[in-house]
Structures are given as structure tokens and as C-alpha cells.
Amino acid sequence: MTDATVGQLPAALPPYHEAYRQRGRTPLLVLFVVIAIAGVVGAGFIAASAEDAEGTGLSILYAMIPLPFLWFVFWWLDRYEPEPRRYKFAAFVWGGVIAVGIALALEVWAQDFFDLSESQTATFAAPLAEEPAKCLFLLLTFVRSRRVIDGVLDGLVYAGLVGIGFAFVENIGYYAASYLGSPDIKIAGAEGATTTFIVRGIFSPFAHPLFTAAFGIAIGLAVTRRSKLLRVVIVVLGLVASMCLHGLWNGSLSYGPDSGVGFALAYLALGALLLAAAGLAIVVRVRQVRILERSLSYVAQRGWIHPAEIPYLSRFGHRKAARRYARSEHGKVAARIVKRYQLLATEMAFLHDALMSGRIKPHGVERTYALLDAMYALRPGLRFPPALQSLPRHN
């Protein structure tokens, strides 16, 4: 930050309005809030099926325990280029309310129409109903706004949140049913609910996010392809993979010469896939850092930002240090200005890189300049630390 651009700090952080606001945003937000409230009521009724206060409380408590950890994982993946909160909230609501409703209706119909047993329903009908119901959110999001999902990491984040929402509501039902017990289950009450929680909440909390992650990866790959036919093929393969993973998991206890061995093998296989997905996510995030630094270097060469800003806009450690410096030396408003400047610069840099790579982005050029204008508006109040001695080098 040069002295020539330093001005007086404003009393408060000025409001920011996107230059290209999506049509119909407010009605959709209201709709999803209403659906979320209906989902809370519905989850309460499901928990109440345990028939007493202890069972109801345990069903809700056990379903909620994994949520903070699961949310943290996908928040961590989403740190560099945070997705809009409204879409992340909508993904969770879709998974927990709309996808559950669609899947439940289809499973009940299939079980009655085809006279399926419980094992057949779980192995075949559930994957065929639940995965398309969950994946539909990602597909509709892509169709509505291509700028939201623009890569594999975005697809993983949204798929994970949809899966978390679905598992949350589904688990409430499982815990309530386990509390009541059945002729086939020897344990019931608190012991039964706790046993089910150990299996679903501790040993397999990533099951539903992992199933849907296959489609999330597929749609993240599809958005980078120009051929419409190739996009369709990739998306269809992703959906098939999601359903197959789900069917493998559900069927591992119902079929095979030894259900215990089958479950163990399925558990190990899905665990390996989970590790592979985590590795892919980390690799993609590291690549994001490189893309961000490269794009910011090009932007600096054009004179749009000062080269000394690059470290404070790219690496997490330096970004955090810049906000801490602004807060300690100049106050809360200065720290908020730095944080917004970093977010705007990140979005601008990724958008600029996509355009330079030849990818089609709706209103790409106009949005790039609008983001730069918003950054320039913050410059008089921007308080970065002194320039670092060495700047990152780029090929």
C-alpha cells in the first residue's frame, strides 16, 4: 500500500453490493427459510416417534454431535474462495428436507409397487432414490448460475453439505427407531440408540457426503469442459458412481456369504475412497494457492494492484497477519476493510485466471472490472503491514 493512496479511515465499513445480482434471489431465500423451518418441525416429529422425552432428546443430540466436525471439514476446504453462504445454507436444507422428502416418497412407492423386502429396498431402491434426490441440488445450482460451481473443490463442498443435511435428518429417524427397538433387534432404549450412534455417528459420519462426492467431483470436472456431450457423459457417470457406492454400502450387510466380512470389506473400500477424496481435495486446494499467486502476479504486472500486496492476498498466514496488523494498529474497521479487500481480490484473481484460460464465465470481464472498482473504493482505508522483504516468484 503506497502513501499516496492512504486516506482517512471511515467510521464504519461501507456496504458492498454485487454488480451483477442474480434475479429471484430474495424469493428463493425466503422459500428456503420456510423450507428450513418446516424441516426443523419435521425433524422434531421424527425424533418424537421415539415416544418419550429421553428417546426424543437422544435422537436429536446424537444427530447433532458430528455436525460441528463435519461443517469444519468443508469450511476448511472452502476457505480460499468461499462459496456464497446462501448456497451453502441451501445445500444443507436441500439435503435435510427436500432430498429426504423426495427419496422417502420414492422408496415407499418402490417398496409397495415392486413388493421389495427391507434388504432389497436398502440395497437397490434407496441408492436409486436418494442419490438423484441429493445430486439434483448441484445440477440445479449449475443450471441456475455457472459462476457458483466452477471446479472440483466447489463440487465437493456442495456435495458434502447436501450429504450432511441428508444424514442429519436420516440419523434422527434411525436413532428414534433404535430407541424403540424391534423384534429383529435385541437391544433398545438408550443402549440401542447409542449403539446405532457409534456405527453411524462415529464410524461412518462421512458416508452420505462421500456417496454424493462422486457426483460433486463429476460436475466440478464437467463445468471445465466445453463439449456439451462430454459434460453430460461425465455427469451421468458421476451419478452412477454415487448410486453404486451407496448400494455397495447398504448391501454389504444384506448379501454375501458372510455379512460381517462383507461389511468389513465395504467399510475398508469406502474408507480408502474417503482418503482418496481427501487427498484430491488437498491437492486441489494447494493448486488453488498457486493459481491465486500466479493470477495476482499477472494482475500486478498490469498495474491493477501493487506487487507488495500479493503475499497479503494469497497465503493464509500472511492474510491473517495483515488483518491482525490492521486491527492492532488501526482498529476494527481497518481489519474489516483488509478482510473485504482480500475476499474481493481472491474472487477477482480466480475470475481473471478463468478468463485468461479461455473458460466461459457469465459477465466475466464486466465482473472482473466491477471487483477491481470495489477494491479501489477500499484503498483509501486499506492498512497493510510493511512490504515483505521477498515476494513469491512465479514462472
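**Figure 1. Arg315, partly exposed with a relative accessible area of 41%, and its salt-bridge partner Glu293.** The view is taken from a predicted model, in which local features require pLDDT of at least 70 and side-chain atom pairs count only at pLDDT 80 or more, while totals for chains, interfaces and linings use all residues. Residues are numbered from 1 along each chain as its sequence is written, and side-chain values use heavy atoms, with hydrogens and water left out. The closest N and O atoms of Glu293 and Arg315 are 2.7 Å apart. Glu293 is buried, its relative accessible area being 7%. Buried denotes under 20% relative accessible area, exposed over 50%, and partly exposed the range in between (1.4 Å probe, protein chains only). A salt bridge is a side-chain nitrogen of Lys or Arg within 4 Å of a carboxyl oxygen of Asp or Glu. Helices (H or I, at least four residues) and strands (E, at least two) are DSSP runs, numbered from the N terminus.

**Figure 2. The salt bridge between Arg200 and Glu170.** In this pair, one of six salt bridges in the structure, the closest N and O atoms lie 2.8 Å apart. Arg200 sits in helix H7 (residues 189–202) and Glu170 in helix H6 (residues 152–180), so that distant parts of the chain, 30 residues apart, are linked. Both partners are buried: Arg200 has a relative accessible area of 19%, and Glu170 has a relative accessibility of 17%.

**Figure 3. The side chains of Glu309 and Arg379, joined in a salt bridge.** The N to O distance is 3.1 Å. Glu309 is in the loop between H10 and H11, and Arg379 is in the segment after helix H14 (364–378); the pair therefore ties together parts that are 70 residues apart in sequence. Glu309 and Arg379 are both buried.

**Figure 4. Helix H7 and its buried residues.** The 14 residues of H7 reach 19 Å from the first C-alpha to the last, close to the 20 Å expected at 1.5 Å a residue; the expected span is 1.5 Å times one less than the number of residues. Buried in H7 are Gly189, Gly192, Ala193, Thr196, Phe197, Arg200 and Gly201. Their cover includes helix H2 (53–64), H6 and helix H8 (207–222), contact being heavy atoms within 4.5 Å.

**Figure 5. A nonpolar surface patch to which H7 and H10 each supply at least two residues.** Ile198, Ile202, Phe203, Val261, Leu265, Tyr267 and Leu268 make up the patch, with an area of about 670 Å². H10 provides the largest share, four residues. Ile198 is located in helix H7 and is partly exposed, with a relative accessible area of 34%. Patches comprise residues with over 30% relative accessible area and no salt bridge, like charges being joined within 9 Å and nonpolar side chains (Val, Leu, Ile, Met, Phe, Trp, Tyr) within 5 Å.

**Figure 6. Cysteines in a structure with zero disulfides.** Cys135 is in no disulfide, and the nearest cysteine sulfur, that of Cys244, is 12 Å away; a disulfide is a pair of cysteine sulfur atoms within 2.5 Å. Cys135 is buried at 3% relative accessibility, whereas Cys244 is partly exposed at 49%.

Methods
Areas by Shrake-Rupley, 256 points an atom, 1.4 Å probe, with all protein chains shown as cover.
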